[in-house]
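Here is a friendly briefing on a protein chain, arranged by topic. Have a look at the structure first, and then follow the points one by one.

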Amino acid sequence: DVFLNYPDGAIIPWPPYYTMVADVFVDDNESAIEMQMGRLPLLFSALTSLLVALAALMIAGRGAALIAGLIHTFNYASIHYGSLGVADHHAFGSLLNCFTLLAFSFVSRFGGFSSLRFCILSALAAGVATGLMLGVWVGALMYLVPLQLVCLWWLYNYFNRQVALFVSLFHLSALVVLLPAILQSPWVADYPWMVINLSNFHLLWLALGVALPIPIWWSRCQDTTRKYMRRAVAIGSAVGVVVFALDIPPASGILEGFAWVSRADEFMAGIAESAPLISDIDGLLKWVGLVVFLIPCVYWWAFRDKKFSSPVLLPWLVALPPLLLQALAQRRFADALSAPLAVVGAVGFVWLLSKIKIARPAKMAAAAVVLVLSLLPSISSYTEGSSALPYDEVQGAEHDLFEWIAKQESQPRSVLAAWDFGHTIEWVAKRPSIATNFGSYIGRDSFVDPAKFFMTNNHQVAEDILLKRKVQYIVVTSRLPDLLASHAQRAE
């Protein structure tokens, strides 16, 4: 994109599929595109709530479905990423992850491994959703890994050739869907094994998932299958140790991905979405809710009672802990966490009520009280935020400013501003930007130069930046004092 990192341009660190999906829902009326894009996450979040309710219905009945659907609907993270005006991809990624988990539950609940047709259809549906999910946001690889752990458990625990077929087809369909995006990824040429953008790593990762179960198709007994799985895991672990020890690709790409998740990256560590919840009890209650404190009990019950930890619930039980850890490290993952949290929490609560010997009306009243109390921090945070600031005059004025720039005579020159104005400069002002919301991923200099300009006391340094970046407009708003600390940090 020549408008990024002007005048040098930059590779867009964004897979193409959300743009393609949004194009289906958004018409060609350029003046209405902002409003239309801002409605999509609300639709995707509402669909996720329905899938959550369906999953809980399948696992534990109507009571669990009602509770799970309400928990997800009023979860603050779900509201935050799925509200009107948030033209972001996270709600769609969470929807696809929830759909894939539901497909895994379906194949266990309705005898998919005994029906060839159902097995194939479930694998294809889950794989297509997963491939699309990775093509929407590459970070969703962290949503895929728990599902792959479930696949490993199924391959080891069940002597059934159709389990192997399901696992191979699941990965194959995901690979087929994702392959066009990998092949056109501009990152492959210079960074063939990076993890945080589409590369050969994702091709290899999914291809291994296709190949691993193939020998099981000809296995004659469960002992042989289990021996093969133990050897495969041992060999894979040994290869992984060698790869990291000798720094063989894709070791560096994986380490870069861990740095991104752990907020060690220079850009990710400084933005609000990356703020951790582990050291912020108020933030944890707001973004995740009180239901999180029920989860340890649920896993204890699952360990003690095999009837509770059914194969239908297993995908959700496996998916929840890594998502919770990720949300504790970066609150952006709280949205993806909200679906398995709602399902596991609701199923656990209904199971607990079933063990309490009281009248049905009393159980319903207790469920209502506990549900309201568990959602109170999220609901109160959202209602307070909504009522306190119905319209942000500063942001409205900023938007008017960028619309004014768009009406001026176009020149091959850029707009210099703080990094979080980047997307707005490009699609509202219709001008090239320097620093942008993609942060340091489009080049460290593009991220640092505006900060240096605002913080330097040397006129020559400031003028050199303006000339190098071919700047036409400098945007300064009343938010500048709040940005000085981050500018100072980046200008060092």
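Arg479 is partly exposed because its relative accessible area is 24%; buried means under 20%, exposed over 50%, and partly exposed in between, using a 1.4 Å probe and protein chains only. This is a predicted model, in which local features need pLDDT of at least 70 and side-chain atom pairs count only at pLDDT 80 or more, while totals for chains, interfaces and linings use all residues. Residues are numbered from 1 along each chain as its sequence is written, and side-chain values use heavy atoms, with hydrogens and water left out.

**Salt bridges**

- Side chains of opposite charge can pair when their charged atoms come close.
- The structure holds 4 salt bridges, each being a side-chain nitrogen of Lys or Arg within 4 Å of a carboxyl oxygen of Asp or Glu.
- Arg479 forms one of them with Glu398, and the closest N and O atoms are 2.9 Å apart.
- This pair links distant parts of the chain, 81 residues apart: Arg479 is in the loop between E2 and H21, and Glu398 is in helix H17 (residues 393–407).
- Helices (H or I, at least four residues) and strands (E, at least two) are DSSP runs, numbered from the N terminus.
- Glu398 counts as buried because its relative accessibility is 6%.
- A network of salt bridges links Glu398, Asp420 and Arg479.
- Asp449 forms a salt bridge with Lys468, with 3.0 Å between the closest N and O atoms.
- Asp449 lies in helix H19 (residues 444–455) and Lys468 in helix H20 (residues 459–468), so this pair ties together parts that are 19 residues apart in sequence.
- Asp449 has a relative accessibility of 5% and therefore counts as buried, whereas Lys468, at 45%, is partly exposed.
- Asp449 also meets Arg469 in a salt bridge (3.0 Å, N to O).
- Arg469 lies in the loop between H20 and E2, so its bridge to Asp449 in helix H19 ties together parts that are 20 residues apart in sequence.
- Both Arg469 and Asp449 are buried.

**Around Thr477 and Leu480**

- Thr477 lies in the loop between strand E2 (471–474) and helix H21 (480–491).
- Thr477 is buried because its relative accessible area is 18%.
- Leaving aside neighbours within four places in sequence, Thr477 is in contact with Glu398 and Phe421; contact means heavy atoms within 4.5 Å.
- Leu480 has its place in helix H21, and its relative accessibility of 22% is why Leu480 counts as partly exposed.
- Not counting residues up to four places away in sequence, Leu480 touches Phe454 and His487.
- The C-alpha atoms of Leu480 and Lys227 are separated by 63 Å, and these residues are 253 residues apart along the chain.

**Aromatic rings**

- Rings of Phe, Tyr and Trp (its six-membered ring) pair if their centres lie within 6.5 Å; planes under 30 degrees apart count as stacked, over 60 as edge-to-face and the rest as tilted.
- By this rule the count comes to 23 aromatic pairs.
- Tyr18 and Phe44 form an edge-to-face pair, with 6.4 Å from centre to centre and 70 degrees between the planes.
- That pair links distant parts of the chain, with Tyr18 in helix H1 and Phe44 in helix H2, 26 residues apart.
- Tyr18 and Phe44 are both buried.
- Phe201 and Trp205 form a stacked pair, at 5.7 Å centre to centre and 25 degrees between the planes.
- Phe201 and Trp205 are 4 residues apart in helix H9 (residues 200–211), so about one helical turn separates them.
- Phe201 is buried, with a relative accessible area of 6%, while Trp205 is partly exposed at 31%.
- One aromatic cluster is formed by Tyr18, Phe25, Phe44 and Phe92.

**A nonpolar patch on the surface**

- Val24, Phe25, Leu43, Leu47 and Leu50 form a nonpolar patch on the surface, with about 480 Å² of accessible area together.
- The elements giving two or more residues to the nonpolar patch are helix H1 (17–25) and helix H2 (33–60).
- H2 supplies the largest share of the nonpolar patch, 3 residues.
- Patches are made of residues with over 30% relative accessible area and no salt bridge: like charges are joined within 9 Å, nonpolar side chains (Val, Leu, Ile, Met, Phe, Trp, Tyr) within 5 Å.
- Accessible areas come from the Shrake-Rupley method with a 1.4 Å probe, and for residues, only the protein chains shown count as cover.
- Val24 lies in helix H1 and is exposed, with a relative accessible area of 67%.
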